[in-house]
Amino acid sequence: MTGPVVRVDTSSAIPPYEQIRAQLAAMILTGQLTEGERLPTVRQLAADLGLAPGTVARAYRELEAAELIRTRRGAGTRVAPPPSEPNHPNPHQLATLARDFTSAARALGADTEAILAAVHDALGQDQPRTSNMTHG
């Protein structure tokens, strides 16, 4: 992994393992990290980020459970092939991400309107297609 960089904000309300998991998942799902690309070892990434190896190991375990990466003895940890079936989001995971984001945004002093505006803007950037929803 030579291109994209993972960053962890230790002052964030979001646990470091979740920051790592979310960033790597986003890089994989957007194609910044491609199938077969090797990730740093748990120890190397932990040392680079100044975190305990267990923190990185938890992020990697969750990415493996989501079938985004594979770890093989002797071959290291690599980006898994994309799923053959469309990925359907887990409602529980979406709710957790939404709660984490909302908590972090509120810690920054954002109110509900600012949080919703940020989500709307982010969706606009991620989805260039026009939406069927009207804005009011």
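Which residues make a nonpolar surface patch of about 230 Å²? The patch is formed by Phe 101, Val 119 and Leu 123. Patches are made of residues with over 30% relative accessible area and no salt bridge, nonpolar side chains (Val, Leu, Ile, Met, Phe, Trp, Tyr) being joined within 5 Å and like charges within 9 Å. Phe 101 is placed in helix 4 and counts as partly exposed, because its relative accessibility is 35%. Here buried stands for under 20% relative accessible area, exposed for over 50%, and partly exposed for values in between (1.4 Å probe, protein chains only).

The structure is a predicted model, in which local features need pLDDT of at least 70 and side-chain atom pairs count only at pLDDT 80 or more, whereas totals for chains, interfaces and linings use all residues. Residues are numbered from 1 along each chain as its sequence is written, and side-chain values use heavy atoms, with hydrogens and water left out.

The protein chain contains 5 helices and 2 strands, arranged along the sequence in the pattern α-α-α-β-β-α-α. Helices (H or I, at least four residues) and strands (E, at least two) are DSSP runs, numbered from the N terminus. Of the 136 residues in the protein chain, 24% are buried. The accessible surface of the protein chain comes to about 9,700 Å², and carbon and sulfur atoms account for 53% of that surface. Accessible areas come from the Shrake-Rupley method with a 1.4 Å probe; for residues, only the protein chains shown count as cover. Among contacts (heavy atoms within 4.5 Å) between residues at least 6 apart in sequence, 51% join residues at least 24 apart. A separate pair, Thr 41 and Arg 78, lies 37 residues apart in sequence and 10.0 Å apart in space, C-alpha to C-alpha. Thr 41 belongs to the loop between helix 1 and helix 2 and is partly exposed, with a relative accessible area of 45%.

Helix 3 (residues 53–65) has 13 residues, which should span 18 Å at 1.5 Å a residue, and its end C-alpha atoms are 18 Å apart, in agreement. The expected span of a helix is 1.5 Å times one less than its number of residues. The buried residues of helix 3 are Val 56, Ala 59, Tyr 60 and Leu 63. Seen down the axis of helix 3, these buried residues fall within an arc of 95 degrees, so they line one face of the helix; the arc is that of the directions from the helix axis to the C-beta atoms. An α-helix has 3.6 residues a turn, so residues three or four places apart point the same way. The buried residues of helix 3 pack against helix 1 (16–29), helix 2 (42–49), strand 1 (69–72) and strand 2 (76–79). Arg 61 and Ala 65 are exposed on the other side of helix 3. Helix 3 is followed by Glu 67, which lies in the loop between helix 3 and strand 1. The phi of Glu 67 is near 60 degrees, a positive value in a residue other than glycine. Glu 67 is exposed, with a relative accessible area of 58%.

The structure holds 2 salt bridges, a salt bridge being a side-chain nitrogen of Lys or Arg within 4 Å of a carboxyl oxygen of Asp or Glu. One of them joins the side chains of Arg 21 and Glu 18 (2.6 Å, N to O). Arg 21 and Glu 18 are separated by about one helical turn, because they are 3 residues apart in helix 1. Arg 21 counts as buried at 17% relative accessibility, and Glu 18 counts as buried at 7%. A salt bridge also joins the side chains of Arg 58 and Glu 62 (3.5 Å, N to O). Both Arg 58 and Glu 62 lie in helix 3, 4 residues apart, about one turn of the helix. Arg 58 is partly exposed, with a relative accessible area of 36%, and Glu 62 counts as partly exposed at 29% relative accessibility.

Helix 4 (residues 91–107) has 17 residues and reaches 24 Å from its first C-alpha to its last, close to the 24 Å expected at 1.5 Å a residue. Arg 106 lies in helix 4 and is partly exposed, with a relative accessible area of 44%. Leaving aside neighbours within four places in sequence, Arg 106 is in contact with Asp 111, Thr 112 and Ile 115. Just after helix 4, Gly 109 takes a positive phi of about 100 degrees.
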